[in-house]
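Please examine the model shown below.

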Amino acid sequence: MRRPQLDIQLKTPDQIEKMRAAGLVVAEALRRMREAVAPGVSTADLDAIAESTIREAGAVPSFKGYHGFPASICSSVNEQVVHAIPSPGQVLRDGDLISIDCGAVLDGWHGDAAITVGVGDVDPALLKMAEVAEDAMWAGIAAAARGAASGKGRLTDISHAVENAVRKGGRYGIVDGYGGHGIGTEMHQDPHVLNHGRPGKGPRLVPGVALAIEPMITMGSPRTVELSDGWTVITRDRSMAVHVEHTMALLPDGVWVLTAPDGGRARLGELVTSRQPADSSAR
């Protein structure tokens with residue numbers, strides 16, 4: 001089924017189960033890359049880990065070949081916000097921040113998630129920024145779950161919750177023009193999910209909606225510029241940036257964070273659907 005106007009694809013619970021399988025592939029790839037991050041490791045090394053993990057699971061990297069993108073991950077370091085291309089020449093150094101965005105498609109269904117990881121000994125202020133971004137992401141997901149449960153939720157409730165959490169966390173720039181998106185049989189679908197805005201606007205949050213929620217914040221200006229490679233987006237003032245993301249879906253009895261190994265249970269508690277086992281240690 002598709003909702004009119006924005007062409008929002010609503011998923012059945014069984015289809016969301018298939019998206020969960022793709023999400024767990026992404027989660028495992030990100031887990032392995034997080035463990036591998038260290039001074040001296042290149043972003044191409046991380047890309048190789050991602051591709052091998054995804055293909056071992058019988059899935060295909062969503063990013064590779066997407067509009068000509070040449071790799072399986074986006075590996076954005078320091079002032080790079082999103083979409084940076086992995087390279088053997090980009091070697092991580094002590095004190096760097098790297099945002100790793102990864103996607104996989106399994107049996108025709110997509111999962112998409114991102115993490116920000118400190119390399120070696122990192123300035124605590126930068127680690128705090130990454131923590132604020134993650135808290136904001138979870139605030140947005142919680143707002144979606146509560147809105148769907150009440151029957152009154154609208155898309156921009158997510159945007160508002162993300163913005164509020166960032167503002168409470170400190171003086172950060174919220175990157176404009178980039179944000180989350182619908183996801184399902186394509187990696188990017190309607191609707192676009194901004195990381196700022198007034199609540200109560202946009203499509204209703206109903207069971208079957210699946211979204212990637214992805215705050216991107218900076219230590220300085222929120223303004224960005226795209227480099228000549230046609231992909232890499234950096235902060236205009238060269239301030240450090242972070243990016244985190246999870247894929248989530250709304251079901252009749254709660255939310256399911258499809259790219260979180262525990263389905264979101266640790267952060268969201270009873271807001272999580274019963275399809276995610278309460279004891280998720282097996283995941």
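**The annotated histidines**

His188 counts as partly exposed, because its relative accessibility is 39%, where partly exposed lies between buried (under 20% relative accessible area) and exposed (over 50%), with a 1.4 Å probe and protein chains only. This is a predicted model, in which local features need pLDDT of at least 70 and side-chain atom pairs count only at pLDDT 80 or more, while totals for chains, interfaces and linings use all residues. Residues are numbered from 1 along each chain as its sequence is written, and side-chain values use heavy atoms, with hydrogens and water left out.

His188 is found in the loop between β9 (180-182) and β10 (189-193), strands being DSSP runs of E of at least two residues and helices runs of H or I of at least four, numbered from the N terminus. Leaving aside neighbours within four places in sequence, His188 is in contact (heavy atoms within 4.5 Å) with Tyr66, His181 and Gly182.

An unreviewed UniProt entry lists His83 and His188 under "binding site"; such annotations may be inferred rather than shown by experiment.

Helix α1 covers residues 13-36; its 24 residues should span 34 Å at 1.5 Å a residue, and its end C-alpha atoms are 35 Å apart, which agrees. The expected span is 1.5 Å times one less than the number of residues. Among the buried residues of α1 are Ile16, Met19, Arg20 and Gly23.
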